[in-house]
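I opened my notebook to look through one protein model, helix by helix. Here is what I looked up, in the order I went.

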Amino acid sequence: MEESITLTETKKRPNFLTVLCIITFIYSGGFGLLFGLYSHFTFQQNYEKAVPMIEEGIATMEAAGASGYFYENAVFGLEKMEIMKENLNAITGANSVFAILCILGALLMFMMKKNGFFLYTFASLFWLLVPIYFFDFGTPNLINVGFQAFFALLFIILYATNLKHMK
C-alpha cells in the first residue's frame, strides 16, 4: 500500500505585481476616489472663486489679441467649469464607480486572481469615456484624455505580463 501525498505549492506574488497593485491603490483610491469626492464637496466654493478669475483672464487675453493654446485652454476651462456645475453628480458618480472597480480589480490581482485583470481593464478603459462623454473634443481635453489613456494602456500591458502568475 503506497500513500500518495500531493503538496500544493502556494504561488508567491511577484514583486512587480505587488508594486503595480500598490500604485493602483494609491492612484485610483487616493486621486481617483478620495480627491474626486473632495472636489465634489468643495466644487461650489471653488467655482465661485475660479469663474471670475478665468473670465478676467480671457478678457485680458482678448484685449491683447491673444489666441492659441493658452487662450483655448482658458476658454475650455470656463466651459469645463460650467459643464461640471451642470453634471457634478453624474461626473463624480461615474468617476467614483470606475475608481472603485479599478481598486477591486487590483485587489483581486493582488490576491493572484486573474479575473481582477479583466475587471481592472474594463474599468480603466471605460473610465476614459467619462471626460469624452461630458466634455467636447477640444485640444486641452484631448491632451488630458490622451495622457490618461497612455497610462491606462501602460498599466493594462504591465498587468497582462503578470497574468501567467495568476489563477
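Predicted model: local features only at pLDDT ≥ 70, side-chain atom pairs only at ≥ 80, totals over all residues.

**Entry 1: the end of helix 2.** Met112 is a residue other than glycine, and still its phi is positive. I placed Met112 in the loop between helix 2 and helix 3. Is Met112 buried or exposed? Its relative accessibility is 8%, so Met112 counts as buried, the cut-off being under 20%.

**Entry 2: helix 2 itself.** I checked how far helix 2 (residues 69-110) reaches, and its end C-alpha atoms span only 42 Å. A straight helix of 42 residues would span 62 Å at 1.5 Å a residue. Then I went looking for a bend, and I found one of about 85 degrees at Asn87.

**Entry 3: helix 1.** I did the length check again here. Helix 1 has 49 residues, and a straight helix would reach 72 Å at 1.5 Å a residue, but the end C-alpha atoms of helix 1 are only 56 Å apart. Where is the kink in helix 1 centred? I found it on Thr42, with an angle of about 60 degrees. After helix 1 comes Gly65, and its phi is positive, near 75 degrees.

**Entry 4: the largest pocket.** I looked up the space in the largest pocket and got about 1,200 Å³. It is lined by 38 residues, and the closest to its centre are Tyr27, Asn95, Trp127, Asn144 and Gln148. Which helix gives the most to this lining? That is helix 1, with 14 residues. Helices 1, 2, 3 (115-127), 4 (129-134) and 5 (139-160) each supply at least two residues of the lining. I sorted the lining by class too: 22 residues are nonpolar, 15 are polar and one is charged.

**Entry 5: the largest nonpolar core.** Next I turned to the largest nonpolar core, which has 34 residues. Inside this core, the residues with the most contacts are Leu17, Met109, Tyr120 and Tyr159. Helix 1, helix 2, helix 3, helix 4 and helix 5 are the elements that give two or more residues to this core. Helix 2 gives the most, with 13 residues.

How values were computed. Residues numbered from 1 in each chain as written. Heavy atoms only, no water. Helix = DSSP H or I, 4+ residues; strand = E, 2+ residues; numbered from the N terminus. Expected span 1.5 Å × (residues − 1). Bend = angle between axes of the 7 residues up to and from the residue. 1 Å grid on protein atoms, 1.4 Å probe; cavity = no way out; pocket = protein on both sides within 12 Å on 5 of 7 lines; lining within 4 Å. Points joined across faces, edges and corners; volume = space filled by probe spheres on them. Nonpolar A, V, L, I, M, F, W, Y, C, P; charged D, E, K, R; others polar. Core = buried A, V, L, I, M, F, W, Y, C linked by side-chain atoms within 4.5 Å. Buried < 20%, exposed > 50% of the residue type's maximum accessible area, 1.4 Å probe, protein only.
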